[in-house]
Amino acid sequence: MVWIKKIIIWFIAKIIGRGLQATVRMDYNAREEIIKWKDGYTIVIDTYKNGPKICFVKQGNSLLKKKYQDDMKTDIRIIFKYTNIVYEIFTGQIGLDKAYAQNRMIVKGDIFQTLKIVRMFYICECYLFPKFIWKKIITEKPKLTSNTFNIYMATIFGLK
Amino acid sequence: MNSEYFEYQNRGKLLSGKNAIDHIAYELNNMMCKKPLIITDKMLVKFGHVNILLKALKEGDIDNPFIYDDVPADSSVEVCNAIASIYRENECDCLIALGGGSVLDTSKGVNLTLSSGADNLLDIMGLGIIQRKTVPSIMIPTTSGTGSEATLVAVIADKLQNVKMEFISYNLVPDVAILDPRMTLTLPPKLTAATGFDALVHAIEAYTCKQKNPISDVFAIRAIKFICDNLIRGVVDGKDEDARLALANASYMAGTAFSNSMVGMVHAIGHALGGVCHLPHGYAMSILLPYCMEYNYDAVGNLYGELLQYFVGIEETAVTPRNERGKRCIEEIREMLKKLNEVGGLPIRLRDVNVSKDDFEKIVENAINDGAAIVNYRNVSKEAVLAILNQAY
């Protein structure tokens with residue numbers, strides 16, 4: 001069944017990746033989190049060994065998705081210890097804070113900046129997941145400054 | 001117990017008790033080390049603590065260890081990098097840290113730099129950063145508070161950004177920790193109170209944060225009991241060796257607890273206060289704890305209630321209604337602070353320690369991005385931190 005999970009992860013990773021980009025572009029609070037990063041600031045969400053990898057680069061006020069390369073220089077690399085935990089996070093079964101608390105991931109890079117990614121992720125989850133899901137995984141709902149419809153449109157169609 | 005996943009590690013050896021330092025040469029021999037680099041500070045050289053260590057080493061035929069005694073009160077990345085260079089130049093084969101939290105954390109920073117082969121500690125920031133074996137190390141605390149001799153965390157300042165940075169790895173726990181009451185006998189009452197209270201906050205936060213687990217709970221509870229029974233005693237009579245040793249053991253146990261369950265909001269704001277205003281960590285902990293407990297009460301009030309018995313005894317707890325125990329626990333901590341303020345001069349307001357309201361914005365920004373914020377049961381938001389700072393002012 002691992003291959004089914006891998007396909008689901010790949011699919012949801014695509015959606016969440018685009019959702020994160022849309023959230024940063026359209027939500028003021030999410031954008032504020034990355035505004036002080038220098039252009040080219042690179043984040044990789046990784047899985048130990050052969051799991052999925054998502055890579056973002058900050059450019060202007062946006063996060064751009066970039067093809068992952070083994071030799072690329074990253075500023076923050078969040079590495080989940082096994083594929084199933086990525087599945088649980090991407091499907092809203094477990095929050096990032098819980099994954100952190102349970103030592104299910106390691107972070108290479110500045111923890112101070114990593115917390116900004118966590119908050120950005122929460123905002124994104126509040127837009128993309130229905131309330132009954134995000135309520136289970138987010139301690140307190142962050143302030144949202146855009147609306148779900150716009151974020152969904154931008155996620156699915158790449159609309160600005 | 002529920003079925004939540006947790007990880008636990010406590011790999012170090014502990015030597016605790018009267019004349020514990022005298023065993024150090026034997027331990028070095030076990031580790032096959034002959035040329036230690038001692039990391040300490042000038043005050044400890046002056047007060048004779050380093051001499052006790054040197055004498056113990058000499059008895060084991062370790063005659064000329066290299067000594068670095070220039071660790072400042074608030075250590076930094078630059079200091080760690082400089083000591084790592086000295087270690088390499090002198091071809092040392094292990095680290096002995098003798099001092100308070102700053103010295104012990106510096107030693108961890110040096111160890112990280114050496115073990116990773118980096119020249120700059122900033123290149124290896126993060127959580128779970130070192131997988132390989134680290135340089136053999138022994139830690140001898142001279143305060144009873146940070147618990148750094150038992151933890152996987154090093155908090156080191158980045159002076160450029162005015163931020164206290166966290167480096168986290170299970171491999172940072174030293175091979176041997178030595179608790180010798182002679183090392184803390186000269187600690188002044190105010191510092192004894194502040195560091196002891198720091199240990200209390202470690203234990204309380206370890207017991208009440210998201211990463212808590214049944215094993216760390218055991219250490220946290222025992223640490224709280226030891227501190228409640230001995231802190232005021234140790235502050236009033238600094239020469240009380242039993243109280244000193246109990247506090248040292250409590251600090252170690254609280255360190256073990258929070259090393260495996262992390263700390264929460266009190267530390268997130270405390271680190272920020274230290275980074276921005278250079279407020280001593282123990283002062284920040286004592287000032288902030290009651291306010292943060294009140295904020296967290298809705299989420300973990302029942303856990304605070306479970307701790308009441310260590311502050312007031314079983315009989316008093318039994319006659320306190322269950323739903324009032326959490327609040328009562330916070331009240332008892334306030335009483336303890338008041339007493340420590342009277343007998344040890346421990347500050348209890350931010351305005352007493354020259355923190356300026358002008359710095360609040362920067363403190364808030366740093367606190368919400370501190371690694372400890374993520375495991376606090378309630379959300380550590382800008383608004384919440386600002387409200388707590390204003391209450392504590």
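Modeller: Axes are lines fitted to C-alpha atoms, for helices over the stretch in contact, and angles run from 0 to 180 degrees between N-to-C directions. This is a predicted model, in which local features need pLDDT of at least 70, side-chain atom pairs count only at pLDDT 80 or more, and totals for chains, interfaces and linings use all residues. Residues are numbered from 1 along each chain as its sequence is written, while chains are lettered from A and ligands numbered from 1 in the order in which they are written.

Biologist: At what angle do the axes of helix 9 and helix 13 of chain B cross?

Modeller: Helices (H or I, at least four residues) and strands (E, at least two) are DSSP runs, numbered from the N terminus. Helix 9 of chain B covers residues 265–277, and its axis comes within 8 Å of that of helix 13 of chain B. The crossing angle is roughly 130°. Angles under 35 degrees count as roughly parallel, over 145 as roughly antiparallel, 65 to 115 as roughly perpendicular and the rest as oblique, so the value makes helix 9 of chain B, relative to helix 13 of chain B, oblique, at roughly 130°.

Biologist: Which residues of helix 13 of chain B meet helix 9 of chain B?

Modeller: Contact requires C-beta atoms, placed from the backbone, to lie within 7 Å. Helix 9 of chain B brings B:A268, B:I269, B:A272, B:L273, B:G275 and B:V276. From helix 13 of chain B, the residues they meet are B:K362, B:I363, B:N366 and B:A367.

Biologist: How many residues in the contact of helix 13 with helix 14 of chain B are charged?

Modeller: In helix 13 of chain B, B:F360, B:I363, B:V364, B:A367 and B:I368 take part, and in helix 14 of chain B the partners are B:K382, B:V385, B:L386 and B:L389. Ala, Val, Leu, Ile, Met, Phe, Trp, Tyr, Cys and Pro count as nonpolar, Asp, Glu, Lys and Arg as charged, and the others, Gly among them, as polar. By these classes the contact of helix 13 with helix 14 of chain B has 8 nonpolar residues, no polar ones, and a charged count of 1.

Biologist: Is B:E306 buried, exposed or partly exposed?

Modeller: B:E306 sits in helix 10 of chain B, residues 281–312. A residue is buried if 20 or more other C-beta atoms, placed from the backbone, lie within 10 Å of its own, exposed if 12 or fewer, and partly exposed in between. B:E306 has 18 such atoms within 10 Å, so it is partly exposed.

Biologist: What share of the residues of chain B count as buried?

Modeller: Chain B comes to 14 helices and 9 strands, and its C-alpha trace spans about 60 × 45 × 40 Å along its principal axes. Residues 24 or more positions apart account for 80% of its contacts with a separation of 6 or more. Of its 393 residues, the buried share is 57%.

Biologist: What share of the residues in chain A is buried?

Modeller: Chain A has 7 helices and 5 strands, and its C-alpha trace spans about 35 × 35 × 30 Å along its principal axes. In chain A, residues 24 or more positions apart make up 69% of the contacts with a separation of 6 or more. Of its 160 residues, the buried share is 39%.

Biologist: Which elements give two or more residues to the side of chain B that touches chain A?

Modeller: On that side, 20 residues of chain B are in contact with 18 residues of chain A. The chain B residues divide into 10 nonpolar, 6 polar and 4 charged. The elements of chain B giving two or more residues are strand 5 (126–127) and strand 8 (163–168).

Technical notes:
Two residues are in contact if their C-beta atoms, placed from the backbone, lie within 7 Å.
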